[in-house]
Amino acid sequence: MCELLGMSANVPTDICFSFTGLVQRGGVTGPHVDGWGITFYEGKGCRSFKDPAPSCKSKIAELVQAFPIKSQAVIGHIRQANRGNVSLENTHPFTRELWGQNWTYAHNGQLKGYRQLETGFFRPVGQTDSEQAFCWILEQLRLKYPRKPANMRAMFKFVASLADQLREKGVFNMLLSNGEYVMAYCSSNLHWITRRAPFGEAQLSDADVTIDFCKETTPNDVVTMIATQPLTSNERWQKIASGEYVLFRDGELQ
């Protein structure tokens, strides 16, 4: 299985602390050695870093850890391959354009019968069940909403109904974002935590690293983190129930 990492915040925020913990799971504290990737939204644009090498040995991962890119929406992933070879085109997250927006997606799990998913306008570049499912979701959205829907919450509810169908094919934990909203759908394991004032210290579970958020934030900051397994050992994370989803905007639960 792979592991997911997401962030939604009300101010541009760097993810260096959490990413440092995730990187360790790519070959040190976890078996996810088949590549990693992360996408940061900046306004209408987004920048992605990907590497099919293990994150714990990746020079690109070292760059991301050291360079505090600030964003309000982030999607990250470390891969343990089960469908498709270990290659850059099969490395999550995947990004496509819909309604003039960049949509970014990452999946944890394994699906059966995914080749029967009709992707229409959206064509997979790689060979993974994950990308095929993403293209299918986008095609269903394109067919239902020829234009960007006015009610985005209703749209994400429809995405959750599509995720329910995919969950019937296997394990389908998913993160999805358009830069404004960050959605997390749980099939088996997915957790989240919202940090707001009064901020305190946090200790990574996978590395001997502690941060005092009081020194890194303002009293008005709201930052929500999403991860397959909790990244810190001294905070209370909330587990998403199987078959449920959560939606965040500016760090707040919608």
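**Cavities, pockets and the sheet of a predicted model**

The residues that line the largest cavity divide into one nonpolar, seven polar and three charged. In this classification Ala, Val, Leu, Ile, Met, Phe, Trp, Tyr, Cys and Pro count as nonpolar, Asp, Glu, Lys and Arg as charged, and the others, Gly among them, as polar. The model is predicted: local features need pLDDT of at least 70, side-chain atom pairs count only at pLDDT 80 or more, and totals for chains, interfaces and linings use all residues. Residues are numbered from 1 along each chain as its sequence is written, and side-chain values use heavy atoms, with hydrogens and water left out.

The largest cavity has a volume of about 50 Å³. Cavities and pockets are found on a 1 Å grid over the protein atoms alone: a cavity is a set of points where a 1.4 Å probe fits but cannot get out, a pocket is an open set with protein on both sides within 12 Å along at least five of seven lines, and lining residues have an atom within 4 Å of a point. Grid points are joined across faces, edges and corners, and a volume is the space filled by probe spheres set on the points. Lining the largest cavity are Cys2, Arg79, Asn82, Arg83, His92, His107, Asn108, Gly109, Thr128, Asp129 and Ser130. At least two of the lining residues come from strand 6 and at least two from helix 3 (129-144). Helices (H or I, at least four residues) and strands (E, at least two) are DSSP runs numbered from the N terminus.

In total, the structure holds two cavities of 30 Å³ or more.

The largest pocket has a volume of about 320 Å³. Of the 19 residues that line this pocket, Thr13, Asp14, Ile211, Phe213 and Glu216 are the closest to its centre. Strand 1 (3-14), helix 1 and strand 12 are the elements that give two or more residues to the lining, and strand 1 gives the most, with five residues. The lining of the largest pocket divides into eleven nonpolar, three polar and five charged residues. The second largest pocket contains about 170 Å³ of space. Its lining has 15 residues, and Tyr41, Gly43, Gln72, Ala73 and Gly179 lie nearest the centre. Strand 4 contributes the largest share of this lining, four residues, and by class the lining has five nonpolar, five polar and five charged residues.

Two strands count as paired if DSSP finds at least two bridges between them. Strand 9 (residues 191-196) pairs with strand 12 (residues 222-227) over six bridges, and two bridges join strand 9 to strand 13 (residues 238-239). Tryptophan 192 has bridge partners in both neighbours: isoleucine 226 in strand 12 and glutamine 238 in strand 13.

Most residues other than glycine have a negative phi, and most peptide bonds are trans. A cis peptide bond, with omega about -5 degrees, joins histidine 92 and proline 93; proline 93 is found in the loop between strand 4 (70-78) and strand 5 (94-98). The bond from alanine 197 to proline 198 is likewise cis, with omega near 0 degrees, and proline 198 lies in the loop between strand 9 and strand 10 (201-203).

Tryptophan 99, which is not a glycine, has a positive phi of about 60 degrees and lies in the loop between strand 5 and strand 6 (101-108). Tryptophan 99 is buried because its relative accessible area is 17%, buried meaning under 20%, exposed over 50% and partly exposed in between (1.4 Å probe, protein chains only). Aspartate 250 has a positive phi near 55 degrees in the loop between strand 14 (245-249) and strand 15 (252-253). Its relative accessibility is 36%, so aspartate 250 counts as partly exposed.
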